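Student: Could we go through this model together, one question at a time?

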Amino acid sequence: MKKTYFILFLLALLSSCGSSRKAAKSSQRKAETISKTQIKTPLSKTAESIIAYAQQFKGTRYKYGGTTKKGMDCSGLIYTTFGEHGIAMPRTTKELSTKGDWVDIKQIHKGDLVFFATKKNSRKINHVGIVTDIKGNEISFIHSSSSRGVMISKLSERYWYFAYVQARRYL
């Protein structure tokens, strides 16, 4: 009898929280999308060169508004790297997220930009990185983290997976 009441209580509790179900379904759909991707990556010489140049900044400390080896923020890494290759880019993450061509996660190539919303309870884009490698369904990107500076992370890492918003192509 106690088991029945407990099960009824749990069912009532779970059915009363519609937002949890929506979030769970959204996360499930996102996981299915990423796991079903068959990513083919034609790599242009420009993209290859951009990635190599960006990787020279690995270990550079984070500095808000920075664009040099002394310190750099995430959009500064994009601005500097693409600028070195003669490609004019917007300076802020917000501007970067509205320019270029939107790319479905299944069609991401090396050199594309990936955008994230990292603030709690917000879907406002505030972080960006450059896709550096794709192995099967594993997407790696270089970015400037406020806690660890310029580094390479994977989209499959829990933090980045849930923060992912979109990808854009400039090349």
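Tutor: Gladly, and let's start with a term: on a 1 Å grid over the protein atoms alone, a pocket is an open set of points where a 1.4 Å probe fits, with protein on both sides within 12 Å along at least five of seven lines, and lining residues have an atom within 4 Å of a point. Grid points are joined across faces, edges and corners, and a volume is the space filled by probe spheres set on the points. This is a predicted model, in which local features need pLDDT of at least 70 and side-chain atom pairs count only at pLDDT 80 or more, while totals for chains, interfaces and linings use all residues. Residues are numbered from 1 along each chain as its sequence is written, and side-chain values use heavy atoms, with hydrogens and water left out.

Student: How much space lies in the largest pocket?

Tutor: Rolling a probe the size of a water molecule over the atoms shows where empty space is left. For the largest pocket, the space comes to about 630 Å³.

Student: Of the residues that line the largest pocket, which are the closest to its centre?

Tutor: The lining has 23 residues. Helices H4, H5 (93-96) and H6 (158-163) and strand S6 (138-145) each supply at least two residues of this lining; helices (H or I, at least four residues) and strands (E, at least two) are DSSP runs, numbered from the N terminus. Closest to the centre are Tyr62, Cys74, Thr93, Asn126 and His127.

Student: How many helices and strands does the protein chain have?

Tutor: Reading from the N terminus, the elements run α-α-α-β-β-α-α-β-β-β-β-β-α-β. The count is six helices and eight strands.

Student: Which residue in S8 is the bridge partner of Asp101?

Tutor: Two strands pair if DSSP finds at least two bridges between them. S3 (residues 101-103) runs antiparallel to S8, joined by three bridges. S4 (residues 113-116) also pairs with S8 in the antiparallel sense, over four bridges, with Phe116 opposite Tyr164. For Asp101, the partner in S8 is Arg169.

Student: How many aromatic pairs are there?

Tutor: Rings of Phe, Tyr and Trp (its six-membered ring) pair if their centres lie within 6.5 Å; planes under 30 degrees apart count as stacked, over 60 as edge-to-face and the rest as tilted. Ring pairs link Phe116, Phe141, Tyr159, Trp160 and Tyr164 into a cluster. The count by this rule is eight.

Student: Why does the pair of Tyr53 and Phe57 get its class, and what is that class?

Tutor: The ring centres of Tyr53 and Phe57 are 5.4 Å apart. Their planes meet at 75°, so the pair is edge-to-face.

Student: How many residues apart in sequence are the parts tied together by Phe82 and Tyr170?

Tutor: Phe82 and Tyr170 form an edge-to-face pair, 6.5 Å centre to centre with 65° between the planes. Phe82 lies in H4 (residues 74-84) and Tyr170 in the segment after S8 (164-169), so the parts tied together are separated in sequence by 88 residues.

Student: Is Phe82 buried or exposed?

Tutor: Buried means under 20% relative accessible area, exposed over 50% and partly exposed in between (1.4 Å probe, protein chains only). Phe82 has 0% relative accessibility, so this residue counts as buried.

Student: What is the phi of Asn121 near?

Tutor: Most residues other than glycine have a negative phi. Asn121 is in the loop between S4 and S5 (127-135), and is exposed at a relative accessible area of 80%. Its phi is positive, near 60°.
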